[in-house]
Amino acid sequence: MRTIAVITVGRSDFGIYLPVLRRIVADKSLKLRLIVAGMHLSPAFGETVKAIEAAGFEAADRVDMLLASDSPEAVAKSMGLGTIGFAQAYSRKQPDLLLVLGDRFEMHAAVVAAIPFKIPVAHIHGGELTFGAMDDSFRHSITKMSHLHFVSTDEYARRIEKMGEEPWRVTVSGAPGLDNLRGLRLLGRADFARRFGIRLPKNFLLVTYHPVTLEHEDPARRFRTLLSALESAGHAALFTMANADPGGHAINQMIQDHVATHRSAQFINNLGTQGYFSAMALATAMVGNSSSGIIEAASFKLPVVNIGNRQAGRVRGANVIDTGPSAPEILRGIRQACSPTFRRSLASLVNPYGDGRAAERIVNRLKTQELHSNLIVKTFYE
């Protein structure tokens, strides 16, 4: 059997991985070794390793790497701890292939640790751009350390080839997160409210906002501007948690303080895949700067107010309204997104990130790819 180690560092990547993980488990020629790390193991982020186990997956190994602080120094130290921890996990598990996703600093540490072991690395969601986040550097660095690339669009495949990666290494798989929509039972309004113990009004905004790590302005100040725009818009809001980037803790505290003083605002620590997609299906619009607003929201024909530069550079559908970070700009975006005319204009929208069959393409390549020396030894493609 071919052993595939999959690295998951947070709720966002685990939801995207799910269709791939299920296919690996169902294939008798493959053995899954799920290595759980980062935010999954942190009580501050909901200790979502429990959700992994509830979904029927075993944590084959754990890498506890996050320090309590999210300062730049703490993030850099966490990367060092992660490199040590992942090296120990690889020594114990000896995987044949390593599967990683995206652009997090925790994921970068996992790939760095794999290089001395000569473990072939397969990377999902390479070739994308996020000009406003340090994730951009991590993503491109992971691409150069990886040996197989599963990209979500043709444009991203071309970009990876421009980075010197040989075309035979690249598979245009589409975004695996969209596979979750095939056969997933979405929760209705009443079921959603009961599941999460909240009040769910007919019209609400789903707010998912993360720190913009390459800008000098304080992330908390930027988020305070967003809260001001939401108050002016007057809509009910359902907030999700910010990630572990520098400034994330401050944003999460501000969300909780805001919810405590605004009856129309609510906060859920961890929605899970079914809950998050259900919220997308039920929301009037989405507001923030999350990649989910760029990649998955189009499948729901959901209007998205995308704030600032964090997702600048990514392919986007006509449902995305890009705004600057000021309160008046955000407010104009929210009003446009909530207008019946704009929502009607999305009736024929097709998601540019694929057909929902990415997992099939990814797993077929993982199990048929010859693990010869040419896979590890890379040349620069002109």
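The model is a predicted one.

In soluble globular proteins, nonpolar side chains tend to be buried together. The largest nonpolar core in this model has 53 residues, and those with the most contacts inside it are I7, F86 and Y90. Helix α1, residues 11-26, supplies the largest share of this core, namely 7 residues. Apart from it lies another core, of 34 residues, which includes I160, F192, L238 and F300.

The surroundings of I7 can be examined in detail. When residues up to four places away in sequence are not counted, I7 touches D13, Y17, I35, F86, Y90, L98, L99, V100, M107 and A110. Among these partners are F86 and Y90, which are named together with I7 as the residues with the most contacts inside the core.

## A buried histidine

Is H40 buried or exposed? The relative accessible area of H40 is 1%, and the cut-off for a buried residue is under 20%, so H40 counts as buried. H40 belongs to the loop between strand β2 (30-37) and helix α2 (49-54).

The side chain of H40 makes a polar contact with the side chain of T8, at 2.7 Å. T8 is also one of the residues that H40 touches when those up to four places away in sequence are left out.

L67 is situated in the loop between β3 (59-63) and α3 (72-93). Its relative accessibility is 33%, so L67 counts as partly exposed.

Leaving aside neighbours within four places in sequence, L67 is in contact with A74, K77, S78 and L81. The C-alpha atom of L67 is separated by 9.2 Å from that of S42, although the two residues are 25 residues apart along the chain.

## Salt bridges

Side chains of opposite charge can pair when their charged atoms come close. How many salt bridges does the structure hold? The structure holds 21 salt bridges, and the table presents examples from among them.

| E53 | R62 | 2.8 Å |

D135 lies in helix α5 (residues 135-145), whereas R310 lies in the loop between β12 (304-307) and β13 (320-323), so the pair ties together parts that are 175 residues apart in sequence.

E155 and R159 both lie in helix α6 (residues 154-162), where they are 4 residues apart, about one turn of the helix. With a relative accessibility of 34%, E155 counts as partly exposed.

Salt bridges may also join several residues. In this model, D103, E128, D136, R139 and R314 are linked in a network of salt bridges.

Definitions and conventions:
Residues numbered from 1 in each chain as written. Predicted model: local features only at pLDDT ≥ 70, side-chain atom pairs only at ≥ 80, totals over all residues. Heavy atoms only, no water. Helix = DSSP H or I, 4+ residues; strand = E, 2+ residues; numbered from the N terminus. Buried < 20%, exposed > 50% of the residue type's maximum accessible area, 1.4 Å probe, protein only. Polar contact = N/O pair within 3.5 Å; in protein donor to acceptor, adjacent residues only side chain to side chain. Contact = heavy atoms within 4.5 Å. Core = buried A, V, L, I, M, F, W, Y, C linked by side-chain atoms within 4.5 Å. Salt bridge = Lys/Arg side-chain N within 4 Å of Asp/Glu carboxyl O.
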